[in-house]
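Take a look at the fold before reading on.

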Amino acid sequence: MPANSPVNPGQPPARAAAVLADLWADAALEPQALERVELSGEQPVLPSSFSVDVAAQSSIAAAALAAAELGRLRNGVHQRVGVSRRDAALECIGLFSVDGRVPPAWDKVSGLYRCGESEPAQYVRIHANFAHHRDGALRLLGCPPGPATEREAVAAALSGWQAEAFEEAAARAGLVVAAARRFDQWDAHPQARAIAALPLVSIERIGDAPPRSLPTLADDARPLQGLRVLDLTRILAGPVCGRTLAAYGADVMLVNSPFLPNIEAIADTSRGKLSTHLDLGLPEGRDALSALLRDAHVMVQGYRRDGLAAKGFGPLQAAALRPGIVYVSLSAYGHEGPWRGRRGFDSLVQTATGFNWAEGQAAGAPQPQALPVQILDYASGFLMAFGAQAALLRQAREGGSWHVRVALARTGLWLRGLGRVPDGLAAVRPDATSFLQACDSGFGRLAALPHAARFSKTPAGWSRPSMPPGSHPPRWPS
């Protein structure tokens, strides 16, 4: 794709069925299963020049079809799966309310800022939804830390910085900032070259173990019923993975530190999960996690590189504790390259890797513009769920312990490859409020969007209410 071209006529948008078929083949799954999926809808749903709707629809369909295949393996029942483009796109909006209140998406300091005064203009995006990230960025800029600081003060301070210099200084300080790059600038970056060499969903055998017999499944049970998933993630992509597996019937145990903050979206992403507190800095916390792991089928984690390994729960350590485990790792920029340990969130990865400049140019805007949804987070979450289930299918047939890896930036490269939508920015986003479903939760009356996948025999859904962190003991249900 030519750098910053709003539309490439030679690369029309991909069709979701073809994208799904490629995902399925890359995971070495049985091609006959593709005959049992129906993908409906062709028109753009969300206003974007990128194929965000196709990314949503195909990644959800991959996760759902893999669940149906696991169910078939366990009870011989064939299910058809359907995913409409509209429902898939709406799920990625992430709209929810608690007791009628829609939480704000961003801290007021978060967002795009111009750096310096030279031409062409340079921009950075600051992620400040966590107070420690916000206050760290403010200290680096010489602004008073705290919620009272206004955007005008941040903008004035950034006028004395070059974008990539501030990005690098923030990274050294453990903060989350990204300089806005164009596609050609990102493609020349060594991290982009490292990411291009990685598979979209890496599924690697990391140890020997006999094939694991999965619990017997009744004909009317959801496909993952009786399977146990440890969810050690906090921000959107990882929690979406766990929520998706819970929608397919898995027992998902969300493990939080009692000392780390969470974003308000945890009320939405905790649907269907058990939720416990463990301090992995203490021996009793590590012992409790070891006990949970020994009875788990899947472990999902989004810690920084080697963070869990230092506590005894890296992929090889987990495979030694639980032979046959499927271990799923999420990163921002991949596990290879100079940025392999760098923090990042969807909004920052969009900015760093060229999407914001390209979307802004397509819209005729004078500055970078964000995509209409955090599609890198959502698609990565669904791809993690897909990879976990693909690895479970392989484990059941071949044995072994498996490591699945997904990175936001690699998902971004995949999204670029899906082509541009010539009239995509003219799409009118549907009113998602009419699709909300309300239920009681430990956070209050929760209204949220349903899962987009439809199963012909066992509908997806959440049998447990969303509960605050620490609501359950660290024990699997009997």
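How are α9 and α15 oriented to each other? They pack at an angle of about 50°, with axes 7 Å apart. Angles under 35 degrees count as roughly parallel, over 145 as roughly antiparallel, 65 to 115 as roughly perpendicular and the rest as oblique. α9 and α15 are therefore oblique to each other. Their crossing is right-handed, meaning that the near helix is turned clockwise from the far one by less than a right angle.

This is a predicted model: local features need pLDDT of at least 70, side-chain atom pairs count only at pLDDT 80 or more, and totals for chains, interfaces and linings use all residues. Residues are numbered from 1 along each chain as its sequence is written, and side-chain values use heavy atoms, without hydrogens and water.

Seven strands form an open, mixed sheet, ordered β7-β13-β12-β11-β8-β9-β10. Strands (E, at least two residues) and helices (H or I, at least four) are DSSP runs, numbered from the N terminus. Two strands pair if DSSP finds at least two bridges between them. β7 and β10 each have a single partner strand, so one side of each lacks a neighbour in the sheet. The twist averages 20° from one strand to the next.

Angles run from 0 to 180 degrees between N-to-C directions, with axes fitted to C-alpha atoms, for helices over the stretch in contact.

| Helix | Strands touched | Angle |
|---|---|---|
| α9 (residues 237-247) | β8, β9, β10, β11, β12 | about 165° with β8 |

Conventions
Contact means heavy atoms within 4.5 Å.
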